[in-house]
Amino acid sequence: DVPKVPDSRGDSDGPRRGSLCDRHCAAINNVQGDLGELGCHLHRPRVPAAMSTPSCYQQHSEEVCESCVVKTTLTAENAVEANKLSNNYKFGFKKWKSHVTARPWEDRSEIVKELYSDLNVIRGSGGSTLTCGNVLYLLLFGWWLSLLYVLVAAVMFVTVMGAPYGRLCWDLAGYFLWPFGKVIQKVEVPKSHQACEAGAGESSALLGGPTPRRWHPQCWAGTGYWHGASTAVWLCLGYPVLALAHGLVCVTAWLLIVLIPVAKLSARATSRVLLLPPERVLIRRLRMTEVPLEGEVILCCYRAANPYYYKYAVDGINVFAVNLLPLVLVTLVLGYADSPNHLTGSAVKFTLALLSIMPLSYYIGMAIASISAQSNFAVGAVVNATFGSITELTFYITALIKGSREGNRCYAEVVKSALTGTLVGCVLFIPGLCMVIGGIRHQEQRFNSRSAGVSSALLFLSVGGVFAPTLFSKVYGKLVCGECHNVTQNPLGHYLCHNCHFDVMDNNGTLYYSHVQPLVYTVSILLPAAYLIGLFFTLKTHTHIYDIHISDCHMPGHHHSAVVHWSRWRALVILLLSTLCMSACADLATEHISPILTNSTISQYFIGVTVLAMVPELPEIVNGIQFALQNNLSLSIEIGNCIAVQVCMLQIPILVLFTIFYPTNFTLVFSDLHVYASMFSVVLMNYLFMDGKCDYFQGTVLVMVYFILLAVYFFAPSPSGC
C-alpha cells in the first residue's frame, strides 16, 4: 500500500482527517482489485515536501481528501492489466476475471507456487503422509499400478537380458504402491561400470571397487552388446505397457483436478524414470535427519491431492476449461458422424452440445479480454459489441432458421423464452447469488449506487422499448380464442373460452404490417442508439461516475513488464475458431431439441428460461461470484446489468434485423408471462439497489423471487404453436 507519512504540524487534525477520508472512500468505492492482486490506494492528506518520500505517493500528495470521492486509484501489475481493469468498469464491456498477462512468480502466494512446482523438491519436513488424498491414490491407482510393475518385472526376469530392468520394475512396484515420502534420484554411473565399459577389470568388487546397487553378472550390463539387447527388450516388452498404464493414470487424475499431482507423477515417471538406464535410478525413503542427497532428484511427492488446483491454469487457461475442451471435439464428431442416431439419442447429443457451450464461452471471453486489453478503446468496444453476445446470437439464429425451414413456430417461442430467461436471470439470479455468497464472507457490502443507477435507467428504457410492441398489440389487437363454451345455454349468456390470445394478423395482417411492424423497426433503431448514448455518457462525459483512475506508477513488487498469455493475433484466431465451434454446437443443439420439445412433459417456457438461457452465462456467473468474494460487488452487479442491457439493446435488434433479410416466425410480441416477469424483476432490482449497500438477506430475496418465477414457468402451459 501507499506508505503512511506522519504529519509534521503536530496537531491531530491531519491524521483524524485522513482516517475519516479513508473510511469514506472505502465506503464509497470498496474496490479490492482483481484476484487479490489489486489494491485500493487512497489519497492521503497533504504533507510537507520535506517529509514525503520520492515514491508513487508523492505524485498524489497534492490532492485533497475530497478527490477520492471522485476517483479511485487502482494499481495493476502492468499497463495491459490496467487497461483490462479499466474496461471492466466501463459500461458495455464484458467483465472478465482471469489475468491476460502472466503474473510474476515472486508475487504469487506460496499456495499457488506449490501448484506449479515440479515434483522434484525435497522439503525439510513433509509431515505425515497418511492423508485422505494419499489413501484415495492407493485405492484408485496404487494397488493395480504396483501389481502391473510386478508382472512386468517377472517378464523382464524371464527374458534374462532384461533382468536389470526387471530389478528396476521390482523397486518401482514398491514405490508406486505408496510413493509418498520417497525420492527417485538420477545418480552417476559407478566407477566399476565405467571401468568395465573401458575394458578394465580391476575395478570389480573383489578388488575393492564400489559395487553397483543393481543386480548384474560381472559387469555384463556394461558391455555394449548386452546393454543394447537389454534396452531393446525393455522398449519392446516393458516400456509400452507401463507407458500406457501411466497415460491412463495421468488422464484420469488430470480430469479429477484435485489429483493433478498424481498426473504429474505419472507423466514424469514415463518421460524420465522409465527411460533412464537401470543403474542410474536410485529409490530411497526420506528421513527427517537425513543429509542432503547427492545427484539429481527426479521425483519426490508428499501429497496426492491438493484442493487448490481449481486455480491451476495452463497458458492462462483455467484447468476446468482445458478439461472440457475434449468434450467439444466429442460433441462435434458424435453429432455429425452419427446423424441417424445409431450410437446415441437426441437427448444425449443435445446435452453434450449445451455442455460444450461452456468452455467455448470461456475461450471467447478470454480472447475478447486479451484483444481489448492490448488495444485501444475503439477496438475493444467493437470486439465486445461484435463477439460479446456471439454465444447467444448463434443459438438464437440457428433455432430461428430451423423453425422457418420446418414451419414450426415453437422455435420462435423458445427463443423468446430464452431471451426473457437471460434477462430475468441476469437481473435477479446473478446479483442475488453474488450477494448471498459474498455476504457469507462480508457482513455488508457496498457498491457505487450512481453507476448502478445508470444501468438501472438503461434497463428500464430497454425493457420498455422491447415490450412496447407487445403492449401495443394488447391494446389494438383482436382477442382470438381457441375454443369457447356457453356456460348458461343462452346465446346471449356467458362463454368460457380457452387458449385466448391477441391476434395482430387479422384482416390479412393490416394491423401488423401497418402499425406493429413499423413500431418494431423504430424500437430496433432507438435501442442501439440509446446504447451508444449510454457508452458516450459513461466513457466520455461522466467517467467519474465509475470512480476509476488507473495509476501511472507501479507499487513495489509490480515493476514487471507485461508478458501476455495470448497475443492479439493468437487471441483473434482462438476467437474465430471458438465462434466457429460455437456455431456448430448451436446447430447440433437446435437439431436435437425438437424431440425434447415435442415429447417432454415440461413446458417449453421452462426449458427456454432455464437451460437455454443460463447455460451460456455460467462463466459470467463464476466471475461474479469471485468478484463478490473479494468484496468487489460493483463488478458482480455490472456483470448482470451488462448482459441484460445487451440482450435488450443489441441482441433483440440484431434478431429483428436478421428477420428482415431472412424471414422467420420471430416477431417482437411476447406473451403476458414474459412481460410481467421482466418488468417485475427490473423494478425489484432497482428498489434494492437504491441505497448502494446490500447483504445476504437482500440477495436471498432476489434468488427466491427468481425461483418463484421458475416455478411459474414450470407449471405454465406450453405456448401456442408448440
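These legends accompany an overview and two close-up views of a predicted model.

Local features here need pLDDT of at least 70, side-chain atom pairs count only at pLDDT 80 or more, and totals for chains, interfaces and linings use all residues. Residues are numbered from 1 along each chain as its sequence is written, and side-chain values use heavy atoms, leaving out hydrogens and water.

View 1. Helices (H or I, at least four residues) and strands (E, at least two) are DSSP runs, numbered from the N terminus. Of the 722 residues, 52% count as buried (under 20% relative accessible area, 1.4 Å probe, protein chains only).

**View 2. Helix H11 packed with helix H19.** H11 (residues 319-337) and H19 (residues 568-591) pack at about 50°, with axes 10 Å apart. Axes are lines fitted to C-alpha atoms over the stretch in contact, and angles run from 0 to 180 degrees between N-to-C directions. Look for Val328 and Tyr336 of H11, which are among the residues that meet H19; contact means heavy atoms within 4.5 Å.

**View 3. Helix H12 packed with H19.** H12 (residues 346-373) and H19 pack at an angle of about 160°, their axes 8 Å apart. The two helices are therefore roughly antiparallel to each other. Phe350, Ile357 and Leu360 are among the H12 residues in this contact, and the H19 side includes Arg568, Leu575 and Met582. By class, the contact holds 18 nonpolar, 5 polar and 1 charged residues (Ala, Val, Leu, Ile, Met, Phe, Trp, Tyr, Cys and Pro count as nonpolar, Asp, Glu, Lys and Arg as charged, and the others, Gly among them, as polar).

Notes
Buried < 20%, exposed > 50% of the residue type's maximum accessible area, 1.4 Å probe, protein only. Parallel < 35°, antiparallel > 145°, perpendicular 65-115°, else oblique.
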